[in-house]
Amino acid sequence: MREDILRERYYWKDKDGRPLEDWAGLCRRVAGALAHDGAQEEEFFESMHDCLFLPNSPALTNAGRESFTMSACFVLPIEDSVAGIFDTAKYSALVHKMGGGTGFSFDRL
């Protein structure tokens, strides 16, 4: 079951939807994208591979890609005007396109 979820949601796939990586490959990809040096990469890889630490879903999915976020949540303010409301809707769409999620701050309304 765990492997099914990993294959469906987190492994990178080819154009036909076939996985390009396995658990070790995912861990290697994420560790390589997030580490500052080789020693840190190896430590991070081992921690992930042994399930001692796992980053959030956007990091598992997007680490190593260009133009995608590894943050899960963004809180967007909503200005008290029609233009401000539509700007927030636009920014929300851009965050979702990059793989993030949104919350909204209504304190300015």
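Modeller: Among the elements covering the buried residues of α2 are α1 (2–10), α3 (38–49) and α4 (57–62). This is a predicted model, in which local features need pLDDT of at least 70, side-chain atom pairs count only at pLDDT 80 or more, and totals for chains, interfaces and linings use all residues. Residues are numbered from 1 along each chain as its sequence is written, and side-chain values use heavy atoms, with hydrogens and water left out.

Colleague: Which are the buried residues of α2?

Modeller: Buried means under 20% relative accessible area and exposed over 50%, with partly exposed in between (1.4 Å probe, protein chains only). Covering is judged by contact, that is, heavy atoms within 4.5 Å. The buried residues of α2 are W23, L26, C27, R29, V30 and A31.

Colleague: Which residue caps the N-terminal end of α2?

Modeller: A side-chain oxygen lies 3.3 Å from the backbone nitrogen of A24. The residue that provides this oxygen is D22.

Colleague: How far apart are the end C-alpha atoms of helix α5?

Modeller: Helix α5 (residues 82–97) has 16 residues, so at 1.5 Å a residue it should span 22 Å. The expected span is 1.5 Å times one less than the number of residues. The value in the model agrees with this: 23 Å.

Colleague: Over what arc around the axis do the buried residues of α5 lie?

Modeller: The buried residues of α5 are G84, T88, S92 and V95. They lie on the same side of α5, because they cover an arc, taken from the directions from the helix axis to the C-beta atoms, of only 80°.

Notes
Helices (H or I, at least four residues) and strands (E, at least two) are DSSP runs, numbered from the N terminus. A polar contact is a pair of N or O atoms within 3.5 Å; within protein, one must be able to donate a hydrogen and the other to accept it, and residues adjacent in sequence count only if both atoms are side-chain atoms.
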